[in-house]
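Subject: Structure for your files

Hello,

The structure we discussed is below, followed by notes on what turned up in it. Please look it over when you have time.

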Amino acid sequence: MRLFHSRVARVAGSTLAAATLVSTHVGAAAPAHRSALAGLAGPRGGPAADPLRTLAARVGLRIGTAVSTDSLRQDRAYRRVTAAQFSSVTPENAMKWESVEPTRGTYTWDDADRLVDFARANRQVVRGHTLVWHSQLPGWLTSREWSAAELREILRTHITDQVSHFAGRVRAWDVVNEAFEEDGRLRDSIWLRALGPGYLADAFRWAHEADPDARLYYNDYNIEGVGPKSDAVYDLVARLRADGVPVEGVGMQTHLDTQLPFPTRMRQNLQRFADLGLDVAVTEADVRITLPVDPTEQLAQEAAYTRALQVCLAVRRCVSYTVWGFGDAYSWVPDAFACQGSATLYDEQLRPKAPYFALRRTLQLAAGGRRTAGGA
Ligand code: G3I
């Protein structure tokens, strides 16, 4: 507890210093930046100095990444960075319903199990992602009509089997993902249509029954700032908690864009969820840039990554800061947004970029600027 309080005080006092550091770091000092890279880098796979996870541990924070299980299997440098830099991992796709049950009743846990084993071997926690979503559902589920009773049983079985399979090995679950529209209405999904809004409480109850020790989250995008969507999520989780439903955290995905404003009053927003007795987490951070990259956009990107981390550090119940992948070659952004990319902490050759160093500095400042000895 003391650790968290000192973390808050130091971050509040160092915000300005961090901002100054960030801007001088890129703007004034290309040579310094290059020498920092040279000193830290070594082979593809990243820096040898204190990794993010070591620095984050000093301020009581988990630093995480989404992981592509294909890359983990095939790419040694990718494995090295994943293990060295991060203390939490989230399967980018390997625990989604279409991945784990492509044929009804036949589970394919292998990829996800490998990631969980990797995490255990590297003293990382696992964020399970995700149990109830409208997307990446298996074809057998979406290709025909079901009665409400059938669909409810299918969902209950899915949640129970998946959470039971990973019980004791997954620290937190994104139980429900992206259930709201931007205006705060519940999203028109297969679940809402058949089961009504009660599916939300049921999902959390079923997950809790299958693993009472897992931390259960609601997770969404564009809820980082105060607005109609985060208001709706706030109302939902407040009501669920009042009804005794075991929701224990809210995940702010934090997919940002340098061309868009930073989320409105993000710290106050996270704090109001924390004040309900919930954990909060940054669960999928990235900051996309309109290509080609220019120095102004790079600065804006660094600032956005840094501000989101500073907010998390300033809210005592913000337990983790997870980036949605760490290499531009592996990022979902270019596939999803025409002419945008360069959204992650590492370049296409897995060399750390300016936002990586900005996060390191922010964590160092939060810990009081102490030099650290390395080793996660
Ligand atoms: O599995 C098929 C594979 O069989 C095929 O060969 C390949 C060819 O492109 O496609 C594979 O499926 C892709 C899948 O990722 C697994 O790689 C899909 O096309 C692709 O659309 C899918 O994208 C994922 C996306 O969720 C789906 O909505 C991204 O990798 C993943 O980063 C993204 O993650 C989401 C979070 O779960 C929720 N929040 C938003 C975030 C970004 O969209």
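The lining of the second largest cavity divides into five nonpolar, three polar and one charged residue (Ala, Val, Leu, Ile, Met, Phe, Trp, Tyr, Cys and Pro count as nonpolar, Asp, Glu, Lys and Arg as charged, and the others, Gly among them, as polar). Its lining residues are K96, W97, T130, L131, V132, W133, S135, Q136 and L137. Strand β3 (residues 125-132) supplies the largest share of them, three residues; strands (E, at least two residues) and helices (H or I, at least four) are DSSP runs, numbered from the N terminus. The volume of this cavity is about 40 Å³.

This is a predicted model, in which local features need pLDDT of at least 70 and side-chain atom pairs count only at pLDDT 80 or more, while totals for chains, interfaces and linings use all residues. Residues are numbered from 1 along each chain as its sequence is written, and side-chain values use heavy atoms, with hydrogens and water left out.

Searching the whole structure gives two cavities of 30 Å³ or more. A cavity here is a set of points, on a 1 Å grid over the protein atoms alone, where a 1.4 Å probe fits but cannot get out; lining residues have an atom within 4 Å of a point. Points are joined across faces, edges and corners, and a volume is the space filled by probe spheres set on them.

The largest cavity has a volume of about 60 Å³. V132, W133, H134, N177, E178, A179, R187, S189, W191 and Y199 line it, which by class makes five nonpolar, three polar and two charged residues.

Around the ligand there are 14 residues, the closest being E92, K96, H129, E178 and E284 (near means a heavy atom within 4 Å). By class this shell has three nonpolar, seven polar and four charged residues. The distance to a side-chain N or O atom is 2.7 Å for H129, 2.9 Å for N93 and 3.5 Å for Q136. Taken alone the ligand exposes 800 Å², of which the protein buries 47% (Shrake-Rupley accessible areas, 1.4 Å probe).

Regards

How values were computed
1 Å grid on protein atoms, 1.4 Å probe; cavity = no way out; pocket = protein on both sides within 12 Å on 5 of 7 lines; lining within 4 Å. Polar contact = N/O pair within 3.5 Å; in protein donor to acceptor, adjacent residues only side chain to side chain.
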